[in-house]
Amino acid sequence: MGTQEKTPQPQTLSFWGKLDVILAAISVVSTTVWSVFTSFRRSEKDAPSLLLHVGYASLRKATRRLSVLQLQWISPSTDEMYEKYARSIRIAPTTVAFGSNGAKGHWIGNKDAKHVLIWYHGGGFCLPANAGYFEFLNDLVEASGKAGNDLAVFVLTYTLAPHARYPTQLTQAVETLRYIISDTRRRPSEILLGGDSAGGNLAIGVLSHLAHPHPEIPRVDLNEPLAGTVLISPWTSLDEKNSDKDVYSGGDIITPYVGRPWSRHYLGGASRDNYTDASDAPPSWFETYLVEKILVLAGGNEILKSNIDEFVTNLKAGFRSVEYFVGHREGHVAPIYNIYVGDSKETQQGEKLKAWLQEIL
């Protein structure tokens, strides 16, 4: 497999790296201001509102200008964001540690609910979950409750790259499913997997492990399929050539340039395989996936759209029940990052996911 550094290797940001954050902040602010003046030139390939146009421009600049360690230094951890969000909606945070590799899980909703959606957050394997995640996932729980369904969400905090590298994060994702089955005593048919971007990669990786056990990860044997899996803007090809593509990114939150450093931090020198790059797997790889249904969501304006199209075509060729929905003029992980930049309007992808959950549950 060519994997390296199985134990976490913490890295710290240098003094000069911290000082450079100030210069980067000036650059991001300048880009934000300039985006206001360019907003009148928006086309169908750009964000549909002024708020999203400006917010997306800021995120694109930040992710390209700042290094992974700089972004981590200025970003609260997933654990911190969960506790802050729990306090904001006046609920007691419920966090559990499990496994032997530092993984933690955070409950949203009633932890004794009949159904559980395990969520693997995105961020290129390098960034923590932001406040938008918890607001979005809590909204899913509340919408399911109003529809008469009993759902809770369990959010994994996995070790970020480059402090740990593949297959550590996939191992933690698998252990999350094992914990929900063994410790909470739920049947597989009461469990759903979900993830966005890099988290979508992990969700697909878990399904791959169930069907084709990874040689470095303890297997999980299920006596029935999982209820479903939802993938929002899944990052299923870590090929560095994608970073060289001349793709217009004005309607998205990221640029092609971030793919190369983020994938390198995650792989750490390991070879890409069917667990990291499901886009390259043959259709037969998906035939034995132990899940009833898969929903794939994407934004019409996101730079990964062509890669997601190819992945879905490949997936449909091998798996029996796949639904693909594209939100018009929506960007990468729009249901979550639109909230993050301050837009509370329901996305098309979010509406589709709620309807799909109602059908599944």
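Biologist: Is the crossing in which α5 passes α11 left-handed or right-handed?
Modeller: α5 passes α11 in a right-handed crossing. A crossing is right-handed if the near helix is turned clockwise from the far one by less than a right angle, and left-handed if anticlockwise.

Biologist: Before we go on, what sort of model is this?
Modeller: This is a predicted model: local features need pLDDT of at least 70, side-chain atom pairs count only at pLDDT 80 or more, and totals for chains, interfaces and linings use all residues. Residues are numbered from 1 along each chain as its sequence is written, and side-chain values use heavy atoms, with hydrogens and water left out.

Biologist: And what counts as a helix or a strand?
Modeller: Both are DSSP runs, numbered from the N terminus: helices are H or I with at least four residues, strands are E with at least two.

Biologist: Back to that pair. At what angle do α5 and α11 pack?
Modeller: The angle is about 45°, and the axes are 10 Å apart. α5 covers residues 131-146 and α11 covers residues 348-360. That makes α5 oblique to α11. For the labels, under 35 degrees is roughly parallel, over 145 roughly antiparallel, 65 to 115 roughly perpendicular, and the rest oblique. Axes are lines fitted to C-alpha atoms, for helices over the stretch in contact, and angles run from 0 to 180 degrees between N-to-C directions.

Biologist: Which residues make the contact of α5 with α11?
Modeller: From α5, F136, D139, L140, A143 and S144; from α11, L353, K354 and L357. Contact means heavy atoms within 4.5 Å. The residues split into five nonpolar, one polar and two charged. Here Ala, Val, Leu, Ile, Met, Phe, Trp, Tyr, Cys and Pro count as nonpolar, Asp, Glu, Lys and Arg as charged, and the others, Gly among them, as polar.

Biologist: What about α6 and α7, how do their axes cross?
Modeller: They cross at roughly 70° and come within 9 Å. Helix α6 is residues 168-182 and helix α7 is residues 198-211. The two are therefore roughly perpendicular to each other.

Biologist: Who touches whom there?
Modeller: α6 brings Q169, L170, A173, V174 and L177, while α7 brings L202, G205, V206, H209 and L210. In that contact, seven residues are nonpolar, three polar and none charged.

Biologist: New topic. Where are the cis peptide bonds?
Modeller: One joins A161 and P162, with omega about 5°. Another joins Y166 and P167, with omega about 10°. P162 sits in the loop between β4 (151-157) and α6. P167 lies in the loop between β4 and α6 too.

Biologist: Which residues have a positive phi without being glycine?
Modeller: R90 has a phi of about 60°, and S197 has one near 55°. R90 is in the loop between α4 (78-88) and β1 (95-98). S197 is in the loop between β5 (191-196) and α7.

Biologist: Is each one buried or exposed?
Modeller: R90 is exposed, with a relative accessible area of 81%. S197 is buried, at 8% relative accessibility. Buried means under 20% relative accessible area, exposed over 50%, partly exposed in between, with a 1.4 Å probe and protein chains only.

Biologist: And S249, what does it touch?
Modeller: S249 touches R60, I254, T255, P256 and I303, leaving out residues up to four places away in sequence. S249 is in the loop between β6 (228-232) and α8 (259-267). At 14% relative accessible area, S249 is buried.

Biologist: Where is S58?
Modeller: S58 is in helix α2 (residues 50-65). It is buried, with a relative accessible area of 16%. S58 touches V28 and T32, not counting residues up to four places away in sequence.

Biologist: What does UniProt list for residues 21-40?
Modeller: The unreviewed entry lists a "transmembrane region" there. UniProt positions follow the numbering used here, feature names are shortened, and annotations may be inferred rather than shown by experiment. In the model, residues 21-40 are 90% helix and 0% strand, with end C-alpha atoms 30 Å apart.

Biologist: Is A25 buried, partly exposed or exposed?
Modeller: A25 counts as partly exposed, at 38% relative accessibility. A25 lies in helix α1 (residues 15-38).
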